[in-house]
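Here's a quick tour for anyone about to work with this structure. Have a look at the sequence and the fold first, then read on.

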Amino acid sequence: MKCKRCRGPAEVQIRQHSSAFCRPCFIIYFHRQVERAIHKQRMFTPEEEVLVAVSGGKDSLALWDALQTLGYRTVGLHLALGIGAYSTDSTARTEAFAQARGLQLVTVRLEEEGHAVPTLAAFTNRPACAACGMAKRYYFDKLAFERGFSVLATGHNLDDEAARLLGNVLHWQVDHLAKQHPILAPTHERFVRKVKPLYRLSEYETAVYAFVRRIDYVVDECPNSVGATQLVYKDALNRLEAAMPGTKQNFVQEFLRVGQPRFASAFDGPPRSCARCGMPSFGEVCSFCNLLREVEDKRARRAAARPR
Ligand code: AMP
Ligand code: ZN
């Protein structure tokens, strides 16, 4: 097979576009897809400083690498989640990536805040993934606002977006569908714009990019994700994709074109501010502070029950 750009021998096959590239041309293609996402959705300008959420996995490191190479101004944000060796490894690789390229990185250790994921999960009745997702969203919003950024970028790829869409559709979670978009404008004075510049690129493509660019990323999945429904959806979509290349892309693109605008018009952002922390909230306190209250209550009850 020949490279679509230079007609040399191709090494990377992109079935959903019925095309193939050699390594250097694949990098150019990848960067173009990122640029197209940024321009098409008006995510940010070259003048803006972008806070990039980096986990140490292939997607977010590929995103940071691509934005930096394309000349955007970036600062990395890493949350050390406290999930044992998995987190230690993630933090080490993120820090090594930043250091090797002379990039600015903010690392926040949830353990130091008393909010390590295992603690949040143990002191509430929630699955670890639910507590983790809530903590990440909260810290992303809060840190981006407090540090004066106007935009936060995450490494969500096409597979992430298709799996999330499938889950939201299967359960007809209309309020979630309303908020599923590669660019979310702030709906509260303490929210910043949230963007997903990799939403057009598949997990396979980000893995190839990371490999070709020699990015050293965490290969292991989070130990908590074993059996996660998201992985079941991804598996189902991969089977559809194998039989009908382009399914994932069509599913997401057509949702954004046809479905999402209808759901979005029915959605209002959080109407108030949390009484505890001031961040956007639907109720008296925000969902993360609600979680923290559960943790505090349970801790207090356990301490009271302990024999002296
Ligand atoms: P996930 O929720 O693990 O699928 O990750 C989705 C995106 O969230 C990643 O591509 C990153 O941009 C961001 N992210 C996940 N975990 C972290 C973390 N520990 N620190 C910073 N960003 C993260
Ligand atoms: Zn709060």
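Predicted model: local features only at pLDDT ≥ 70, side-chain atom pairs only at ≥ 80, totals over all residues.

Four donors count as tetrahedral if all angles lie between 85 and 135 degrees. Keep that cut-off in mind for the metal site below.

**The zinc site**

- Which atoms hold the zinc ion (ligand 2)? They're the SG atoms of C274, C277, C286 and C289, at 2.3 to 2.4 Å.
- The angles among the four donor atoms of the zinc ion (ligand 2) run from 105 to 116°, so the site is tetrahedral.
- Along the sequence, the donor residues follow the spacing C-x2-C-x8-C-x2-C.
- Among these cysteines, C286 and C289 are both buried.

**Helix α6**

- Helix α6 covers residues 158–170, which makes 13 residues. From first C-alpha to last it reaches 18 Å, close to the 18 Å expected at 1.5 Å a residue.
- Is α6 mostly enclosed or open? It's largely enclosed by the rest of the structure, because 10 of its 13 residues are buried.
- The N-terminal end of α6 is capped by N157, which has a side-chain oxygen 3.0 Å from the backbone nitrogen of D159.
- After α6 comes W172, with a positive phi near 45°.

- Helix α1 takes in residues 23–40, 18 residues in total. Its span between first and last C-alpha is 26 Å, close to the 26 Å expected at 1.5 Å a residue.
- Buried positions in α1 include C25, F26, I27, Y29 and F30, and also H31, Q33 and E35.
- What do the buried residues of α1 pack against? Their partners are β1 (12–14), β2 (19–21), α2 (58–69) and α8.
- R42 follows α1 and has a positive phi, near 50°.
- Q41 sits in the loop between α1 and β3 (49–53). Its relative accessibility is 16%, so Q41 counts as buried.
- The side chain of Q41 makes a polar contact of 3.0 Å with the side chain of Y199.
- If you skip neighbours within four places in sequence, Q41 touches R36, H181, P182, I183 and Y199.

**The six-stranded sheet**

- There's an open sheet of six strands, ordered β5-β4-β3-β6-β8-β7, with mixed pairing.
- β5 (105–109) and β7 (183–184) stand at the edges with a single partner strand each, so one side of each has no neighbour in the sheet.
- β7 and β8 (residues 193–195) run antiparallel and are joined by two bridges.
- I183, one of the contacts of Q41, has V195 in β8 as its bridge partner.

**A228, in another loop**

- Where is A228? You'll find it in the loop between α8 and α9.
- With 18% relative accessibility, A228 counts as buried.
- A228 and A144 are 84 residues apart along the chain, and their C-alpha atoms are separated by 28 Å.

Note on methods:
Residues numbered from 1 in each chain as written. Chains lettered and ligands numbered in written order. Heavy atoms only, no water. Helix = DSSP H or I, 4+ residues; strand = E, 2+ residues; numbered from the N terminus. Expected span 1.5 Å × (residues − 1). Buried < 20%, exposed > 50% of the residue type's maximum accessible area, 1.4 Å probe, protein only. Polar contact = N/O pair within 3.5 Å; in protein donor to acceptor, adjacent residues only side chain to side chain. Donors = N, O, S within 2.8 Å, 3.2 Å for Na, K, Ca; no water. Tetrahedral: all angles 85-135°; square planar, octahedral: opposite > 155°, others 65-115°. Pairing = 2+ DSSP bridges. Contact = heavy atoms within 4.5 Å.
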